[in-house]
Amino acid sequence: MTADDRPGGTSAEDRPGRPTAEEIGLLLAGTPARLTRTQVADGAGVSRRLAERIWRALGFPTSADDAVAFSEADVAALRRVRAMLDRGLLDEPTAIRMARALGQTTARLAQWQAEIVIGHLLPAQGEPSDEDLERVLATARELLPDFEQLLVHVWRAQLAAAGTRLLALADLRPEAALGRVSLAVGFADLVAFTRRARELDERELADLVEGFEARAADIVAAHGARLVKTLGDEVLFTAPTPAVAAAIALDLAATAELRIGLAYGPVVPMMGDVYGTTVNLAARLTAAARPGTIVVDSGMAEGLAAALAEGLAGEPGFEVRPMRRRSLRGLGMVRPHLLRRSSS
């Protein structure tokens, strides 16, 4: 809906009162909703079945046939999908998978960014006033062009980094081209998080979680590794070698009281995540670790011993000591090792 479509032809900034959902949607989406889902599919030249599958994969609800919920920008987006299919660049299942990756990632990004901006601009206590909401919209209006350009730039840089990592792994390990790759996998878990969560109010709890995730992300990135995901009081990361994973774990342990588990072995990268026995082993080792310790599996221990022997361990220095064998749920008996900074 444009300004001229509204009663009186005035925009939100020209009149007092709380912004409407239509005004917010128009500002953030950029184009007004004037089409039904049938009109969008027909206008883009794709089947209604494919259009519905694309919208669902992107994370949007199915609209009624006569609901006016789409714009010309949606038509243009579907035309791009159709062009990729017509040129044979993608097949339909791959296009759906790409749409799902895009939808899930951008949904979390948009929610996160909206929370940051709104939390910065709105009062911490009490109901926001109409003026507060107008200030949020005015700020969004100013930020959107730069954020949009920054998003594309960062996405391309991240795509280049991901492609470089995958090609490097394929060069070093031919099995990576078949979807099998050996990586170091690490979990880091905040100690006593449940107790601390009961003692904190909502704002303090949010600050605790965000601070932990921010520090973990900075440390992982500084070592050229990958933060796979965050789970509130826990983070999952991967590293190309045991030595890099060990350096990350030691740096993480210096920032907070954590339990950390590391394992090295084959993983299956899928949907931006990693799966397999190696991931499960790292998680089990984390759960079994004592507060403030780093526990690694035998694959990590062997890799670290080889790095030390070849002088590739770098800084910080570390030492690995075997622990007694123990049974881990679903994995049987394993021989964990304790990793810590070397005393020399």
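**Exercises on a predicted model**

**Exercise 1. Describe how α3 packs against α5.**

Two values come first. Packed helices are described by the angle and the distance between their axes. Take helix α3 (residues 48-58) and helix α5 (residues 92-121): their axes come within 7 Å and cross at roughly 30°. Now list the residues. From α3 come R49, L50, R53, I54, A57 and L58; from α5 come E92, I96, A99, R100, L102 and G103. Then sort the residues of this contact: seven are nonpolar, one is polar and four are charged.

**Exercise 2. Characterise the second largest pocket. Which domains does it lie between?**

Step one is volume. The second largest pocket holds about 470 Å³ of space. Step two is the lining. It has 16 residues, and E115, R203, A206, D207 and E210 are the closest to the pocket centre. The lining divides into eight charged, five nonpolar and three polar residues. Step four is the source. α5 and α8 (202-222) each give at least two lining residues. α8 has the largest share, with seven. Step five is position. Domain 1 (20-119) and domain 3 (179-341) both contribute to the lining, so the pocket lies between them.

Notes: Residues are numbered from 1 along each chain as its sequence is written. This is a predicted model: local features need pLDDT of at least 70, side-chain atom pairs count only at pLDDT 80 or more; totals for chains, interfaces and linings use all residues. Side-chain values use heavy atoms; hydrogens and water are left out. Axes are lines fitted to C-alpha atoms, for helices over the stretch in contact, and angles run from 0 to 180 degrees between N-to-C directions. Helices (H or I, at least four residues) and strands (E, at least two) are DSSP runs, numbered from the N terminus. Contact means heavy atoms within 4.5 Å. Ala, Val, Leu, Ile, Met, Phe, Trp, Tyr, Cys and Pro count as nonpolar, Asp, Glu, Lys and Arg as charged, and the others, Gly among them, as polar. On a 1 Å grid over the protein atoms alone, a cavity is a set of points where a 1.4 Å probe fits but cannot get out, and a pocket is an open set with protein on both sides within 12 Å along at least five of seven lines; lining residues have an atom within 4 Å of a point. Grid points are joined across faces, edges and corners, and a volume is the space filled by probe spheres set on the points. Domain bounds come from an automatic or database domain assignment.
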